[in-house]
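Hi everyone, thanks for coming.

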Amino acid sequence: MNKEEMKRLILEAVSRKLGNGYHGTIQKVLKTNMEQDALVIVKDGENIAPTINMEPFYEAMENGSSVKDVANSILKAYFQAVSLPMSFDTASFTDLSYIKGRLYVRLINRHLNAELLRDVPHMPFLDDFAVTVHCLVEHSGEVNADFLVHNGFLPIWGIDRETLFSLALGNTRKNSGIELMSINNVIGMQDSPMTADTHQNLLWVLTNREKIFGASAVLFDDVLSDFAEKYGNFYVVFSSVHEVLFFPAPDNSDMDAITKMNQEVNAAQVHENEILGTKAYYYCKNRGFVLSDGRSIGKGFFQSANS
């Protein structure tokens, strides 16, 4: 059974079970690094419509699950989503005074997300990355919901792109914080007497307090320059959307080997929608990022949110 046939059968089964008052469609939804089918179910009179990723349900049918069982699983996911305690008024999200403290940035690979970025305000970073802005809807122990800011929001909020990014970067630094840990601390090992004095030989992990989408911490130049001041020049490996790795080294002669390692780890251990970088970078104490063609990236836009 091909995917188009599965889509038709699933949509028919879900529609029959929901009955009148609901309308369901399967749409293409752009996610980080990928495009996915999503089932959107709208209840009459409501303006909130959960989207349900269809890929696990296609896989279930390929593995022998019946259409009835798949439809029941989808409806279970739908009713769980609509019952979540997201107590907000959607009209509030057209009000700049309400949303300006909810904006924050994420770092993604711009080559893997070219189509997504066509309708999204973004800022380029280095050769491979784009900085996007999200708006927090709900954040609690049970719920962490947000939405990606598209170009159409800017005229509604009455702001330009520069103001959007200034607000989002400031909130990210203030609310998410910075976590920089040696690999020994990450895996629960105690520093030995030798490594305690020679941390420049260790791998370091940069992320945020929650360890979720923490790669954006690398955008703040003072974090990079302070590390270089203490430990010297270092490689930067954009290991996933959640964290970045620092590895002090006196020169960049191992750039190809570290890039290859990054690509191998991506292929074997990183989920497709969490891949960030595919090559290593090198940061010099007195020059900033040194790109493959010899160009140096000094202090720029992203310093404006360092306070």
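Let's begin with Asn 208, in the loop that runs between strand 9 (204-207) and helix 10 (221-231). Helices here are DSSP runs of H or I with at least four residues, strands are runs of E with at least two, and both are numbered from the N terminus.

Before we go on, this is a predicted model, where local features need pLDDT of at least 70 and side-chain atom pairs count only at pLDDT 80 or more, while totals for chains, interfaces and linings use all residues. Residues are numbered from 1 along each chain as its sequence is written, and side-chain values use heavy atoms, leaving out hydrogens and water.

So, is Asn 208 buried or exposed? Asn 208 is buried, with a relative accessible area of 7%. Buried means under 20%, exposed means over 50%, and partly exposed is in between, using a 1.4 Å probe and protein chains only. The side chain of Asn 208 reaches the backbone nitrogen of Lys 211 at 2.7 Å. Not counting residues up to four places away in sequence, Asn 208 touches Ser 176, Gly 177, Glu 179, Phe 213 and Gly 214. A contact here means heavy atoms within 4.5 Å.

Next comes Ser 240, which you'll find in strand 10. Ser 240 also counts as buried, at 5% relative accessibility. What does its side chain meet? One polar atom of the Ser 240 side chain lies 2.9 Å from the backbone nitrogen of His 242, and a polar contact of 2.8 Å joins the side chains of Ser 240 and Glu 243. A polar contact is a pair of N or O atoms within 3.5 Å; within protein, one must be able to donate a hydrogen and the other to accept it, and residues adjacent in sequence count only if both atoms are side-chain atoms.

Glu 243 takes us to the second largest pocket, as Glu 243 is among the residues nearest its centre, along with Ser 239, Leu 245, Val 265 and Gln 269. A pocket is an open set of points on a 1 Å grid over the protein atoms alone, where a 1.4 Å probe fits, with protein on both sides within 12 Å along at least five of seven lines; lining residues have an atom within 4 Å of a point. How many residues line this one? The lining has 13, and helix 11 gives the most, with four.
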